[in-house]
Each structure stands twice: as C-alpha cells, then as structure tokens.
Amino acid sequence: LLATDGERFRFPNDIVRTVAYDSVPEPIRVSRHRRAARLAGGRPEAAARHLAAAHDWAEAARAWQLAAHAAHLAFANDEAQRLLTDALDAAGRSGDRALRAVVHLRRGEVRTELGRHDEARDDHEHALVLARELDDEELEARVLEQLGWTALYARDVLGAVDLAERATQLAESAAAAKGALPSATLLLGRVRHWDGDYAAAGAAYEQVLR
C-alpha cells in the first residue's frame with residue numbers, strides 16, 4: 001500500500017490514498033487533522049485545510065485570515081482575496097456572525113486595493129449589516145470608515161461613480177460614529193480636501209495631529 005520516497009513513505013496513487021483515508025474512522029481522522037494543523041502552525045494555509053477537514057470552521061477561517069494577511073503584506077492581493085474567500089466560506093459554516101463581518105471587512109479592503117470598488121462596497125455593506133445586527137459599535141465604525149475610504153479611492157480613479165458620490169456622506173458618518181478611530185477624521189479631511197473645502201480639511205488634519 002505504501003512506496004518509499006527518500007526518508008518518507010507515500011501512497012503509490014490517489015486511489016489507494018482515498019481508500020485508506022476513507023477507511024479511517026471519523027473521530028480518529030478528525031483527531032489526526034487537528035494534530036496536523038498544530039504541526040503546520042507556521043503555515044497557516046496548510047493548517048486551515050486541516051482544520052476545515054476536522055470541521056473546525058471558526059479556527060479554519062482564522063487560519064485562512066492569517067494566510068491572507070501574509071499574502072497582503074507581500075502585495076499578493078489576488079492571492080489574499082482567494083484566501084479570504086475561503087475564510088468567508090468557513091466563517092459562514094461556523095455560524096459566527098462577528099467572524100463573518102470581520103472577514104467581509106478584510107476582503108473589502110483587499111478588493112479596494114485591487115481597484116474592485118463595487119465588489120469592495122458589497123463586502124463592506126454585508127459587514128455593516130452584521131455589525132449592526134450584533135450591536136457592535138466599534139466594528140460598525142471600522143466598516144463605515146472603510147466604506148468611506150473605498151468611495152474616496154473610487155473618486156481618485158474616476159470609477160464607481162455612485163459610490164464616489166457618497167464619499168462625503170460616508171466620511172461624515174464614519175467620523176461621527178461611536179468608536180471612530182483617528183483615521184476616520186483623516187478620511188474626513190481627505191474628502192473635504194477633495195471637495196475644495198480647505199479650511200475644514202485643515203481643521204480635520206489638525207484634529208488628527210492632536
């Protein structure tokens with residue numbers, strides 16, 4: 001059933017591998033996948049696949065998020081989007097609405113950087129609905145801010161006109177939201193600057209600086 005491959009064993013073909021895998025009782029299989037996920041701690045995408053096979057959907061989603069973050073830092077945004085899509089599927093299976101909202105938010109950020117403004121808006125609006133259902137003011141503020149940044153970048157490339165026209169309104173909502181971060185005020189300054197209201201932009205920038 002096994003062939004040697006240097007210092008390791010391997011299955012001679014996929015049929016033997018599949019039959020061997022399916023013959024393992026599920027509790028043992030789940031235990032082995034969890035153990036393999038721990039051993040793959042430095043490789044989050046591999047760990048995520050094992051966690052998904054163990055039906056540990058929430059942890060699989062978090063592992064795919066980590067893999068996506070690493071891809072994002074390496075400017076591999078298409079790869080990050082793919083990994084976040086896997087994370088979103090796992091988060092949906094987990095039933096954790098807060099986790100789903102965060103993954104939507106992160107995928108929206110990546111899609112904004114890819115210039116896919118309409119798709120980014122869809123992700124952020126899904127996250128906004130979930131944040132409001134959860135009554136999570138901090139998460140709601142983060143999502144409103146990302147919607148505003150997406151709208152601002154849509155203006156910069158003269159695309160997504162409907163979204164771009166909402167940039168000022170979204171920026172004002174983000175800055176006024178409970179739990180708003182200083183970056184929301186920076187966003188408001190950028191939008192005011194774009195609109196030609198330099199005094200209001202300067203006031204916003206001074207507030208951020210303070």
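The mean pLDDT of this protein is 92, and 95% of its residues reach 70 or more. Where pLDDT is low, the predicted coordinates should not be read in detail.

**Backbone features in loops**

Two residues other than glycine carry a positive phi. One of them is His-55, with phi near 60 degrees; His-55 sits in the loop that links α3 (44-53) to α4 (57-73). The other is Phe-75, with phi of about 65 degrees, which belongs to the loop between α4 and α5. His-55 counts as partly exposed because its relative accessibility is 47%. Phe-75 has a relative accessibility of 74% and therefore counts as exposed.

| Residue | Phi | Relative accessibility |
|---|---|---|
| His-55 | near 60 degrees | 47%, partly exposed |
| Phe-75 | about 65 degrees | 74%, exposed |

**A nonpolar surface patch**

On the surface, a nonpolar patch is formed by Leu-1, Leu-2, Phe-9 and Phe-11. Together these residues have about 490 Å² of accessible area.

Note on methods
Residues numbered from 1 in each chain as written. Predicted model: local features only at pLDDT ≥ 70, side-chain atom pairs only at ≥ 80, totals over all residues. Heavy atoms only, no water. Patch = residues over 30% accessible without salt bridge, like charges linked within 9 Å, V, L, I, M, F, W, Y side chains within 5 Å. Areas by Shrake-Rupley, 256 points an atom, 1.4 Å probe, with all protein chains shown as cover. Salt bridge = Lys/Arg side-chain N within 4 Å of Asp/Glu carboxyl O. pLDDT = per-residue confidence, 0-100. Helix = DSSP H or I, 4+ residues; strand = E, 2+ residues; numbered from the N terminus. Buried < 20%, exposed > 50% of the residue type's maximum accessible area, 1.4 Å probe, protein only.
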